[in-house]
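Morning, everyone. I have one model to show, and I'll keep it short. Here it is.

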Amino acid sequence: MVWLPTLIKGCYFVAALLFILGLKRMSSPRTARGGIVWAGFGMLLAVLATFFLPDMHNLDLIIAAVVIGVGTAWWTGRRVAMTAMPQMVALYNGMGGGAAAAIGAVELISYVRNLLLLHPPGIPDTSPLRPESWAINALQPIPAAVPLSPVELALGVLGALIGAVSFSGSLIAFAKLQGWLDRRFVFPGQRVVNLLLLAVAVVVGIALASGYASVPLIALFFALALLFGLMMTLPIGGADMPVVISLYNAFTGLAVAFEGFVLGNEAMIIAGTVVGAAGTLLTQLMAKAMNRSIGNVLFGSFGAAGGEAQAIAGAQKPIDDADAAVMMAYAERVVIVPGYGMAVAQAQHKVWEFAQLLLKRGVKVKFAIHPVAGRMPGHMNVLLAEAGVPYDLIADMDEINPEFAVTDVALVIGANDVVNPLAKTDPASPIYGMPILDVSNAKHVIVVKRGKGTGFAGIENALFYADNTRMLYGDGQAAAGQLVNALKTLDD
Amino acid sequence: MIDGFLALYIFMLAAFTGYEIIARVPVILHTPLMSGSNFVHGIVLVGAMIALGQAQTPFEMTIGFIGVLLGAGNAAGGYVVTERMLEMFKSSKPAGGKESK
């Protein structure tokens, strides 16, 4: 079967093409849905082709692992609520990083084993005692007993490092978003410790890449890399998680590309590099939306900014649902500002129902979405789309900010840091400089909030104490339900 | 094995491709696109399969097995999540078309 290697290579080529075309289609709302299907076909093709590679052993193990992995992920991915999507992306991304690290580990371990075979202690190199596995097959990416070239070894180690960091880091991001780890973990000198960890990991990596490989050293290398990912992510606050997840997504892409080079698999190189570049750009866009550099997000230990925070004068003034409903029913323009709280409470359907009642009364309703509202850019758009809110009612920050001055009521549901005026007025505030939605310019502001606590970033919000702000305490879903009922009784 | 410079060219071109794809994307698609690119690097599954396919000792096989497991999770999970997100965009489209001015 001479044509088989060509056919397999062809499958990889088509897969890479489908990935790029799929991503391209995903970047426009009209064709987005088809995009993932294209990419999906590419993946299926590549995976199927891999089974026919020459010299593949352990097929039973491979099939078992694929079936278990696909089955579990498919099941969890289908079942999970839309609101939990960000952490699921983090989780699946971490798995990819872990897989890249595992590839690196297997390559390194077999490299050590082959070194021992090639230069067995006591047997000269010229010995005719050569292992049978020396036969080099045309398509076999890593001929079993031919040692990796220095470049392959270096990229393999680098990919493993990046993959392992992405793995443990993404799992922490997942745990944080899932609410399993709601405290930031900070101690004095953390940055130094982290940098030291990374430095040691890199030194060990260089040792591995320059031929001093041994199994204990490999184990140490991975332990350091995993620990670094863990330590690097623990001090980062939840508000920065979108940027972090996006960064780890790019990391995993790079790790995959590097391991693809080691394995001689072009589809992996192309797909991984495309994701690495796209993910890096996406990370930059997100960090820019928060007015922070990526380095600042990673090493700035959010919330530890110097200086005294401004004291906030005044008190939070409550309002009840009936008054709030009346206020909006007779308003001319209402802007609804959703945030993560709406996602947590699954309130998007109720909120849309409320907005529809207002629209029916002739009130001009718009939804204002901050670039980093929720836990990922576009998170709120996804949720509102799920509830059926049409595109043209959704405005982004630059579009809506001038309109707040002519807005009668701004209804803030579960958003906090993205509407905090301290970002403009208090240089000591950790979110100082972040562009915000200027809701305080509206005539009245109603904030739906579960309690009096601070937001995810742990910062007091001056908006809640402003003279034109009224607080409607309650879970987003319940509060929206009450508003709907209050409006309905108005109509009766 | 791939020639070093050929690989470098592939890296370069693929990096530009990735950059270009993202450069003009509306904010609403950022999350689905991040999820979509998360799916695309699920190609790591292929690499993990190759690694496990060449593993010879039980130790290598164990790590390879974990790698395939994780890679399969990345690919399948990434697909499902992305598809679910994009599905909602489709269902809301006709409504958006009708109610627009």
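I'll go through confidence, then the interface, then the aromatic pairs.

Remember that this is a predicted model. So, confidence. Chain A has a mean pLDDT of 84. In that chain, 87% of the residues reach 70 or more. Among its elements, α3(A) has the highest mean, 95. Helix α10 of chain A, residues 294–299, has the lowest, 74.

Over residues 124–145 the pLDDT is below 50. In the model that stretch still has 33 contacts beyond near neighbours in sequence. Residues 302–307 of chain A are also below 50. There the model has 14 contacts beyond near neighbours in sequence. Where pLDDT is low, the predicted coordinates should not be read in detail.

Now the interface. Together the two chains bury about 8,700 Å². Carbon and sulfur atoms account for 78% of that area. Three residues lead on the chain A side: A:R33, A:I36 and A:Y391. They supply 8% of the area that chain A buries against chain B, more than any other three residues.

What about polar links? Between chain A and chain B, 16 residue pairs are in polar contact, with both residues at pLDDT 80 or more. The rule also finds three salt bridges across this interface. One of them joins B:E60 to A:R113. Their closest N and O atoms are 2.6 Å apart.

Last topic, aromatics. Over all chains the structure holds seven aromatic pairs. One of them is A:W74 with B:Y79, and that pair is stacked. The rings sit 5.9 Å apart, centre to centre, with 15° between the planes. Why does this pair join two chains? Because A:W74 lies in helix α3 of chain A, while B:Y79 lies in helix α4 of chain B, residues 58–99. And α3(A), recall, is the element of chain A with the highest mean pLDDT.

That's my summary. Over to you.

Note on methods: Residues are numbered from 1 along each chain as its sequence is written. Chains are lettered from A and ligands numbered from 1 in the order in which they are written. This is a predicted model: local features need pLDDT of at least 70, side-chain atom pairs count only at pLDDT 80 or more; totals for chains, interfaces and linings use all residues. Side-chain values use heavy atoms; hydrogens and water are left out. Buried area is the accessible area (1.4 Å probe) that two parts lose on being put together, summed over both. A salt bridge is a side-chain nitrogen of Lys or Arg within 4 Å of a carboxyl oxygen of Asp or Glu. A polar contact is a pair of N or O atoms within 3.5 Å; within protein, one must be able to donate a hydrogen and the other to accept it, and residues adjacent in sequence count only if both atoms are side-chain atoms. pLDDT is the predictor's confidence in each residue, from 0 to 100. Helices (H or I, at least four residues) and strands (E, at least two) are DSSP runs, numbered from the N terminus. Contact means heavy atoms within 4.5 Å. Rings of Phe, Tyr and Trp (its six-membered ring) pair if their centres lie within 6.5 Å; planes under 30 degrees apart count as stacked, over 60 as edge-to-face and the rest as tilted.
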